[in-house]
Amino acid sequence: MGRARKRKTPTPETLDIPPPQNDTVSSNPTTQPSTLTTTNNPIRRRGRPKKTPQPSETNPSPSPTRHIEIESNGNNAVEPNSVDSDYDNVGGRVVPSMEAVVKVFCVHTDPNFSLPWQRKRQYSSSSSGFVIGGRRVLTNAHSVEHFTQVKVKKRGSDTKYVATVLAVGTECDIALLTVADDEFWEGVSPVEFGDLPTLQDAVTVVGYPIGGDTISVTSGVVSRIEILSYVHGSTELVGLQIDAAINSGNSGGPAFNDRGACVGIAFQSLKHDDAENIGYVIPTPVIRHFIQDYEKNGGYTGFPILGIEWQKMENPDLRMSVGMKSNQKGVRIKRIDPTAPEFKVLKASDIILSFDGVDIANDGTVPFRHGERIGFSYLVSQKYTGDNAAITVLRNSETLKFDIKLASNRKLIPVHIKGRPPSYYIIAGFVFTTVSVPYLRSEYGNSYDLEAPVKLLDKLLHEMPQSPDEQIVVVSQVLVADINIGYEDIVNTQVHAFNGQPVKNLKNLASMVENCTAEFLKFDLEYQQIVVLQTKKAKAATVDILRTHCIPSAMSDDLK
């Protein structure tokens with residue numbers, strides 16, 4: 001198999017929550033090379049040693065913000081700007097009610113991608129959350145990922161209440177919970193949301209981080225507001241960078257302004273030798289979008305995107321070659337997702353001049369607030385799935401206007417499986433499954449972007465789906481039996497065709513094999529490799545192989 005060559009410049013890695021250590025995930029390649037960490041706190045069990053996380057070696061530029069020392073083992077250091085959570089008023093600032101902040105306990109059972117018919121050993125974690133209107137609780141999506149049971153506990157209480165997960169927003173890393181027990185809601189006032197803060201505004205982060213069991217309060221200021229990489233969902237949305245300490249367990253905790261209103265949710269931090277005290281907060285525009293999406297549609301539908309890849313138009317010769325006037329600015333479309341609604345109206349090499357009446361600069365930014373600019377994807381993220389948007393483009397020196405219906409993103413290799421168990425199909429010991437980022441991480445570890453086959457990585461980074469239901473199907477492994485002698489070494493190899501018919505997705509492959517009446521089953525794999533089996537012998541051998549390996553079914557429930 002081809003292997004990916006090692007990069008000269010290290011980039012961060014995207015990891016799920018590993019039992020029992022902290023969840024380390026990467027930043028978007030367009031940001032400074034660094035390690036971003038989601039901050040839920042896995043619970044340690046007596047007698048079972050906790051593994052030490054291995055952060056990736058990266059070298060971002062030193063942050064100009066002020067620094068507070070954080071111990072390398074993840075424990076809270078002594079912080080000069082820590083605030084006692086019991087005080088009522090300091091320096092005229094309104095102290096928010098701590099009673100609305102809860103501790104979230106979750107039991108996770110991750111899927112087993114190597115043996116997709118079963119799950120891994122369950123493990124526990126703790127994080128933070130807070131009460132909002134409508135008898136609901138907000139926390140982070142990664143705090144309840146692959147949950148089996150979720151419980152919440154109020155400040156000063158000794159009772160844990162079982163919670164129900166109402167919605168999980170993978171892209172924005174927000175989850176919505178509720179509690180059926182009326183006793184939980186007694187004496188609790190919901191948190192009120194404030195507006196998007198400005199630079200240097202004071203913020204107070206409240207939660208239950210590592211280092212103790214009681215509530216913790218740290219303070220700082222807003223250092224930066226821009227489009228950030230949300231590492232859990234590998235998306236880019238507006239976010240706040242703050243210098244208040246955010247450690248493991250702070251995930252899902254609220255960030256308050258000096259008037260006591262919530263301005264965001266703590267969700268990730270940057271860990272690096274040259275960077276100290278850099279935390280990130282999901283701001284209220286993203287939170288409101290998530291809540292309103294749930295209330296409007298009865299569930300989470302996601303953030304829409306423009307299904308395009310674009311290029312900056314900063315070079316004057318480039319602008320002149322496409323017929324742009326001196327007063328025109330915009331970005332060039334490189335290619336369009338064939339499954340996106342934009343594919344029907346936009347064309348490659350179109351110049352997008354404006355979105356919903358807002359002019360786009362040559363570097364892809366739009367005016368944000370006084371003295372600030374932000375990526376134009378912010379305008380798109382303010383919309384909802386199914387909304388229309390007015391787009392003005394320049395095509396062959398002619399200005400055209402289109403009304404486009406926005407849809408959510410779909411990648412050929414999904415970044416997330418969103419809580420669903422992996423699909424699989426077994427015939428004659430060959431285990432077929434679909435490729436996703438969690439699958440690659442399970443097979444090749446945190447360095448899957450170095451270790452995975454080159455062709456799979458190329459599809460992950462560059463290829464777009466040609467149809468809405470297209471999947472990359474691979475032979476995950478071969479369960480050794482007499483019928484598959486000589487094929488035992490086939491691992492993670494893509495399946496292109498079966499008996500001369502292209503394989504569109506796993507369900508398509510399973511259907512063709514199950515209904516095959518030909519004498520032989522012939523699979524065309526990557527690198528011109530083929531697998532040939534006698535049809536009757538293969539189907540008979542499958543029954544014995546399933547019994548030998550205690551596999552309940554030859555296919556996952558979603559394929560039946």
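# Reading cores, strands and a covered helix

Helix α4 (residues 437-444) is mostly covered, with 6 of its 8 residues buried. This is a predicted model, in which local features need pLDDT of at least 70 and side-chain atom pairs count only at pLDDT 80 or more, while totals for chains, interfaces and linings use all residues. Residues are numbered from 1 along each chain as its sequence is written, and side-chain values use heavy atoms, with hydrogens and water left out.

Q: Which residues of α4 are buried?

A: First, the term: buried means under 20% relative accessible area, exposed means over 50%, and partly exposed is in between (1.4 Å probe, protein chains only). Helices (H or I, at least four residues) and strands (E, at least two) are DSSP runs, numbered from the N terminus. In α4, the buried ones are V437, P438, Y439, L440, R441 and Y444.

Q: What covers the buried residues of α4?

A: Think of contacts here, meaning heavy atoms within 4.5 Å. The cover includes β29 (430-434), α5 (448-451), α6 (454-462) and β30 (473-478).

Q: How do I read a nonpolar core, and which residues touch the most other members in the largest one?

A: A nonpolar core is a set of buried Ala, Val, Leu, Ile, Met, Phe, Trp, Tyr and Cys residues joined through side-chain atoms within 4.5 Å. The largest here has 88 residues, and L138, V152, I174, F184, V286, F290 and F355 touch the most other members. Take I174: setting aside residues up to four places away in sequence, its contacts include L138, A167, V168, I265, V286 and F290. Apart from that core lies another, of 29 residues, among them F432, I483, L521 and L533.

Q: I174 also touches N140. Is N140 buried or exposed?

A: Go by the relative accessibility: N140 has 0%, so N140 counts as buried. Its place is in the loop between β8 (136-139) and β9 (147-154). Beyond neighbours within four places in sequence, N140 is in contact with residues including D173, S251, F267 and I282.

Q: How do I read strand pairing, and what does β33 pair with?

A: Two strands pair if DSSP finds at least two bridges between them. β33 (residues 520-525) pairs with β31 (residues 493-498) in the antiparallel sense over 3 bridges, and V495 stands opposite L525. On β34 (residues 530-534), 5 bridges join the strand to β33, again antiparallel, and L521 stands opposite L533. β33 and β34 form a hairpin with 4 residues between them, and Y527 in the turn has a positive phi of about 60°.

Q: Which residues lie on the covered face of β33, and which on the uncovered one?

A: L521, F523 and L525 make the covered face, whereas F520, K522 and D524 make the uncovered one. F520 has 38% relative accessibility, so F520 counts as partly exposed.

Q: Which residues make a nonpolar surface patch with F520?

A: Like charges are joined within 9 Å, nonpolar side chains (Val, Leu, Ile, Met, Phe, Trp, Tyr) within 5 Å. Accessible areas come from the Shrake-Rupley method with a 1.4 Å probe, and for residues only the protein chains shown count as cover. F520, I530 and V532 make the patch, of about 230 Å².

Technical notes:
Patch = residues over 30% accessible without salt bridge, like charges linked within 9 Å, V, L, I, M, F, W, Y side chains within 5 Å. Salt bridge = Lys/Arg side-chain N within 4 Å of Asp/Glu carboxyl O.
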